[in-house]
Amino acid sequence: MAFWSNWGRGNWGRSAWRQFDSGDASGVVELTKRNASISLTKQGAATGNLRINLSWQMRTSDFNSRAARGSLRHPLRMFKPEPVQAQGPAMVNVDLDLAVMYELKDGAKGVVQPLGEFFGALNEAPYVKLSGDDRFGSGSGETVYVNMDHKDDIKRLLVFVYIYDGTPAFDRTHGLVTLYPSNGPRVEIPLDERAPQARSCAVVLIENVKGEMVVRREVKYVYGFQAELDRLYGWGLQWGRGYKSKV
């Protein structure tokens, strides 16, 4: 299927990303509409590597979810055999991708994403690196690393998720974006809101605000792809169609 990828290419060498980690994070903070932002600087996490992970399930069932919820309200139901139902329409088959649009202080802009193999670089611009492309919802998911030692070079980063292929059903993939700072609690942003037919979601915006690195929850769903997110946040990139190789 057709999709969007950025025309521009930088130096996207595939180095051994597994050597990068962000330290141990204690506790967890969930960003919500009421509690929408957190300062990495104030918690002493504006250095080292910020690890951003997307985890999701490739297949799930609305029917099974309803049965599980019903068992909580009516415990005896768990002992009754479930009626046989066709599972095809209720199953979700998707390929979620984690990506980052970046804007640096020197004006450089671009995207780090699996599509087009724009994997980025950690120790040189854009100081953002994607570990790889998970097409099957594995336990490890997809991970992006941000070199916070170069925070003074970074103006803003938009972390977003898009459904490259499959059913547009964010609420049934149980997507979760987790930030692991170098210090302090990990930060979680669940992607389980009902957004029928949405293909992309802006998850968090990381901004350098007068030297302070601030993470703000966005969770804005759009029905298009990267170009629509670009227009929403005024990035000003040029986009063209792109495809993934078959597996």
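Me: Let's begin with confidence. How many of the residues score at least 70?

Reply: The share is 67%, and the chain averages a pLDDT of 76. Strand 13 (residues 200-209) has the highest confidence, with a mean of 97, while strand 1 (residues 3-6) has the lowest, at 38.

Me: Which pLDDT does the model give residues 1-25, and how many contacts does this stretch have beyond near neighbours in sequence?

Reply: The pLDDT there is below 50, and the stretch has 86 such contacts in the model. Residues 133-139 also stay under 50, with 25 contacts beyond four places in sequence. Where pLDDT is low, predicted coordinates should not be read in detail.

Me: On to the rings. How many aromatic pairs are there?

Reply: Two, counted with a limit of 6.5 Å between ring centres. In one of them, the centres of Phe160 and Tyr162 are 6.0 Å apart and the planes meet at 35 degrees.

Me: What makes the pair of Phe170 and Tyr221 edge-to-face?

Reply: Their planes are at 65 degrees, over the cut-off of 60, so the pair is edge-to-face; the centres are 5.2 Å apart. This pair links distant parts of the chain, with Phe170 in helix 2 (residues 170-173) and Tyr221 in strand 14 (residues 212-222), 51 residues apart.

Me: Are Phe170 and Tyr221 buried or exposed?

Reply: Phe170 is at 1% relative accessibility, so Phe170 counts as buried. Tyr221 is at 17%, which is still under the 20% limit, so Tyr221 is buried too.

Me: How do you know that the charged end of Arg51 sits over the ring of Tyr180?

Reply: The charged end of Arg51 is 4.0 Å from the ring centre of Tyr180, and the limit for the distance is 6 Å, together with an angle within 35 degrees of the ring normal. The charged end of Arg156 is placed over the ring of Trp235 in the model, 3.7 Å from the centre.

Me: Which residues have the most contacts inside the largest nonpolar core?

Reply: They are Ile52, Val146, Val161, Leu179 and Ile206, in a core of 43 residues. Strand 5 (residues 94-104) gives the most to this core, namely six residues. Ile52 touches, among others, Leu98, Val144, Val146, Leu179 and Ile206. A second core is separate and has 17 residues, including Trp235 and Met101.

Me: What makes strand 9 (residues 142-147) mostly covered?

Reply: Six of its six residues are buried. On one side these are Glu142, Val144 and Val146, and on the other Thr143, Tyr145 and Asn147.

Me: Which strands pair with strand 9?

Reply: Strand 4 (residues 49-55) pairs with strand 9 in the antiparallel sense over six bridges, with Leu54 opposite Glu142. Strand 8 (residues 128-130) also runs antiparallel to strand 9, joined by three bridges, and Val128 faces Val146 there as its opposite residue.

Me: Do strand 11 and strand 12 run parallel or antiparallel?

Reply: Strand 11 (residues 175-180) and strand 12 run antiparallel, joined by five bridges. They form a hairpin with five residues between them, and Gly184 in the turn has a positive phi of about 90 degrees.

Me: Why is Lys210 called exposed, and why is Val219 called buried?

Reply: Lys210 has a relative accessible area of 87%, over the 50% cut-off, so Lys210 is exposed. Val219 is at 8%, under 20%, so Val219 is buried. Lys210 lies in the loop between strand 13 and strand 14, and Val219 is in strand 14. Phi is positive for Lys210, near 55 degrees, and for Val219, near 45 degrees.

Me: Which peptide bond is cis, with omega near 15 degrees?

Reply: The bond from Ala125 to Pro126. Pro126 is in the loop between strand 7 (120-121) and strand 8.

Key: Residues numbered from 1 in each chain as written. Predicted model: local features only at pLDDT ≥ 70, side-chain atom pairs only at ≥ 80, totals over all residues. Heavy atoms only, no water. Phe/Tyr/Trp six-rings, centres within 6.5 Å; stacked < 30°, edge-to-face > 60°. Helix = DSSP H or I, 4+ residues; strand = E, 2+ residues; numbered from the N terminus. Buried < 20%, exposed > 50% of the residue type's maximum accessible area, 1.4 Å probe, protein only. Core = buried A, V, L, I, M, F, W, Y, C linked by side-chain atoms within 4.5 Å. Contact = heavy atoms within 4.5 Å. Pairing = 2+ DSSP bridges. pLDDT = per-residue confidence, 0-100.
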